[in-house]
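The tour starts at one pair of residues and then widens.

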Amino acid sequence: AGAKQTSTRSILTMFEADLYKAMCSNNEYYISQREQTDVLPTDRNEWSIADFNNKINSLIAASLSDYESLAQLSADDFKSIIAPENYNRDFYPTLYDLLAHHALDILEEQQLTFAPAFYRNMNDIAGCATFKLPGNGEPSALTMNIYATLLSIHKGDAAPTILTEVRRINRLYGKWSQEWNNALYELHATFKSSPYSTEALIELVDAKPTADKLYPLAKDQVKAYPNYPRIGYLRNFIADYEQVRADIESPNMVTPGKDFKLTVSAANTDKVIVKAFDISDFPERPKRDEIVKRLRRLSATITKEYKVNYRAGDEIETEVTFPGLGIGNYALIIEVYDPKSGKSISGLDFDNYAQVRSTNLELVRRTIDNERRIYVYNAPNGHPVAGATIHIIDNINESLQKTNRFGYIVHDDSLSKSYHIDCYATLNNDRSANLSFYRNNYSNVNN
């Protein structure tokens, strides 16, 4: 009867804390306007955020006060009442675990910070299990006590300890810091003989700077515990780490016939091929999947092979020089060889390509003598180009204007029917890159 009474009282008290938390959250805007008073108002409609938090914290402390009795009760008997969605008895063996982690969910929403020296070493938690709030009602002390009690009652039992430590480490250091990395690797090493140590490595999967360190540990973990329920996270990390991949960056516009620089990023390969395809006759605004379909039927105009910087697991950038192109619009596709599959992988296989226009024409907006002008310049020598045609696309309408002998047109975009305007210039077989701007926006205008 005593155990049943304890469990009922603790669960109901925690639910009462939930109700106060919901009341505060649902009315946070109005409550945040109130100032805390020296005396707690009898009317909850006059409570401040601090008043609500103090009440919530005192209810949590009362709910967990008989931790020794709660730690003797199996979580399975209460999982239908208060268990989290990811409930696993190994991680939540007792009713105290269910209530304590539920309490941490509430407390961590209060954006609390830990004391600087809070239990950074697992050896510091022995015998720490008190639930007295300090006189100033500082909730972080309650949070620290909950973590310490969770660790002390399980005395190194792998599953619940790892769950608590992962949560504590995330909260204490913040994800992706060096201290966070070190603490998780230390946690994994401490419990390496348990399959539950997988959880520490799973936390590290997204921490790209430590991928080289994580990779061999993940390989060993998969080999040691191939049937662990969440081992798939590490398998996916390993597959991604080992995948041959490459990317390419190019300037938007280059000068015809002049070599230009490309940035190639590659992982798990030291050789790439870059191919240029002339897409000058493609529609003005084709869909990417349409471009890919048409590119598969074309032959490359230029193909160039490069040796690039190589490192396993992560992409490394290499600057390379690509041969000059004739006037036109081009798609640059990168290809790599995958030694594992024995196949070449093209950027087209994952809709990845760069686009560059080779042109002598450049458009510039200027405001001179209160005139809104669009100039066409010869990019190589910087001279204005007379007689070029400027195509102005306003919504779905296109208008044409020829540049005067000074190389510009006057265009009053305040009369435009569209908020967004595109324009480009043509001269003989040459076409400039697009110049896009917003109506009455002069942030990219040279005065």
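Which residue in E14 stands opposite Arg373? Select Arg373 and look across: the residue opposite is Val410 in E14. This is a predicted model, in which local features need pLDDT of at least 70 and side-chain atom pairs count only at pLDDT 80 or more, while totals for chains, interfaces and linings use all residues. Residues are numbered from 1 along each chain as its sequence is written, and side-chain values use heavy atoms, with hydrogens and water left out.

Next, select residues 371-378, which are strand E11. Strands (E, at least two residues) and helices (H or I, at least four) are DSSP runs numbered from the N terminus. E11 is joined to E14 by 3 bridges, and the two run antiparallel. Two strands count as paired if DSSP finds at least two bridges between them.

The open sheet has 3 strands in the order E10-E11-E14, with antiparallel pairing.

Finally, select the whole protein chain. It holds 13 helices and 17 strands. Its C-alpha atoms fill a box of roughly 95 × 60 × 35 Å along the principal axes. Of the 447 residues, 46% are buried (under 20% relative accessible area, with a 1.4 Å probe and protein chains only). Among contacts (heavy atoms within 4.5 Å) with a separation of 6 or more, 63% are between residues 24 or more positions apart.

Terms used. Buried < 20%, exposed > 50% of the residue type's maximum accessible area, 1.4 Å probe, protein only.
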